[in-house]
There are 2 protein chains.
Amino acid sequence: MSSQSIAPALHGSDQPDPALLRVTPLFRDLDDDLLWRIARISTIITAPENTVLGRQGERVDCVYVVLSGQVAISNEAPNGDQAVVEIVRAGGQMFLSSTLAGLPLLLTGHAIDTTRLICVDAGGLLDLIRSEPTLATAILRAEALDFRQLVRQVCDLKLRTTAQRLGCYLLELTTDQKALTASMRLPFDKRLLAARLGCRQENLSRAFAALRDYGVETHGARVILHDIAKLREYSVPDDLPDGELAF
Amino acid sequence: MSSQSIAPALHGSDQPDPALLRVTPLFRDLDDDLLWRIARISTIITAPENTVLGRQGERVDCVYVVLSGQVAISNEAPNGDQAVVEIVRAGGQMFLSSTLAGLPLLLTGHAIDTTRLICVDAGGLLDLIRSEPTLATAILRAEALDFRQLVRQVCDLKLRTTAQRLGCYLLELTTDQKALTASMRLPFDKRLLAARLGCRQENLSRAFAALRDYGVETHGARVILHDIAKLREYSVPDDLPDGELAF
């Protein structure tokens, strides 16, 4: 994260196809007409690796939706230590609540791969929210889901050991929730994984070693889960899905 | 937290004075007419100590604003471990984002003292949001501030030792930000403080012991900070105020 450079000439010119906006749960259920109006205040941009998309303490004038690639969202403490709060991947959005509330960012976002994003103009979005109650409802819901992700993370940090947190994270990466075993590639390097889990790199190594007893085998970025049930029992992932909605 | 009882007959009959709604930043800047309309869908209730005001996994039909007393907001892991996410005090609100989004609660709220609250009907509030853009803006802003508090907590948990987190918490409790020394009473017991900080009680004792070198003296619930500057330097509290707003 030391080689960050401020977003160079990121203003894209391509207006996204309205259907593309459905990549994010934020816009997924909106009707076609409203999607058209959001598309008209949006552009697609491509951010090279290490581009800073918004910096802690500053304001940005758009909400980003990730189409491909990955963005690390992190906070730097006064002494220079860095906490990675989240890695945003395709379908995720960022800077939503601070930007709509007119607040400076608490977190810096930087592209860890070449990343394609939709940039939705914040002022235009606020205008639409004021005139379109369904959009206001969608935004409230998206903010609630973001909030819940953070609540989960706070509980994770308070209740679980590093090895358990790593176990939960690996279980999240398994796409087939009913599989008995899984094989995967870590989506980013171990330095970033340690920062995301809130531990030092040496503790991450110890956590991987501790998970060997629960069927976790690693070869560099390659991870094999030989016994998902055993790993689940050890890591105690929470069972608070957002699936059971009221709508 | 073992002696919780479900909120017994909490439905108050007193409609709050509209000005009372200004206790919370959520409603502080709304005009008098809008406050009247919110007061009309609100009641004041008194919750005895240990009353459960909403339970994880269930839905509530109102947003609570705390007038006096304290409410612990916690999450119970599948194995029964409990993480206290926050202690809500006078002026704080709770269940805002989940309730407005129609989602079941992720967290249980229970009164740790006798607590007076305003209960604002969620359906009525949603109706008002749809017709009153200034209320929608106030809600978005309140949710953003709640989100930022959690972001701070995630960073706190990832970057700081237990002793530093305790130091930051004690610094937060000092009312005079420019004082050189401070004397205070912990607002709740050490068991709850440990759960809020995300540590075991024995680690909290060790953290208090570690802070002795930084001028922190304790006698039961009484805490004296003899050298705030030294404690601040050790604990590295973040300097990300929400004061510098765009409005």
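This is a predicted model: local features need pLDDT of at least 70, side-chain atom pairs count only at pLDDT 80 or more; totals for chains, interfaces and linings use all residues.
## Where the chains meet

How many residues of chain B are in contact with chain A? There are 47, and they meet 47 residues of chain A. On the chain B side, four elements each supply at least two residues: strand S6 (82-88), helix H3 (96-100), helix H4 (122-131) and helix H5 (133-159).

Which of these elements gives the largest share of the chain B side? Helix H5(B) does, with 18 residues. Sorted by class, the side of chain B that touches chain A has 28 nonpolar, seven polar and twelve charged residues.

## A look at the core

Now for the nonpolar core. The largest one has 140 residues, and A:Tyr64 and B:Tyr64 are those with the most contacts inside it. As background, nonpolar side chains tend to be buried together in soluble globular proteins.

You can find B:Tyr64 in the structure and look for its partners. Leaving aside residues up to four places away in sequence, B:Tyr64 touches B:Leu53, B:Gln93, B:Met94, B:Phe95, B:Leu117 and B:Cys119.

## Two domains in chain A

The domain assignment divides chain A into domain 1 (5-157) and domain 2 (161-235). Taken over C-alpha atoms, the centres of these two domains of chain A are 27 Å apart. Nine residues of domain 1 of chain A are in contact with eight residues of domain 2 of chain A.

On the domain 1 side of this contact in chain A, strand S6 (82-88) and helix H5 (133-159) are the elements that give two or more residues. S6(A) has the largest share, four residues. By class, the residues on this side of domain 1 of chain A are six nonpolar, two polar and one charged.

## Helix H7 of chain A

Which residues of helix H7 (residues 190-197) of chain A are buried? They are A:Leu193, A:Ala194, A:Ala195, A:Arg196 and A:Leu197. The cover over the buried residues of H7(A) includes S6, helix H6 (162-173) and helix H8 (201-211) of chain A.

Just after H7(A) comes A:Gly198, which takes a positive phi of about 80°.

Definitions and conventions:
Residues are numbered from 1 along each chain as its sequence is written. Chains are lettered from A and ligands numbered from 1 in the order in which they are written. A nonpolar core is a set of buried Ala, Val, Leu, Ile, Met, Phe, Trp, Tyr and Cys residues joined through C-beta atoms within 7 Å. A residue is buried if 20 or more other C-beta atoms lie within 10 Å of its own, exposed if 12 or fewer, and partly exposed in between; C-beta atoms are placed from the backbone. Two residues are in contact if their C-beta atoms, placed from the backbone, lie within 7 Å. Domain bounds come from an automatic or database domain assignment. Ala, Val, Leu, Ile, Met, Phe, Trp, Tyr, Cys and Pro count as nonpolar, Asp, Glu, Lys and Arg as charged, and the others, Gly among them, as polar.
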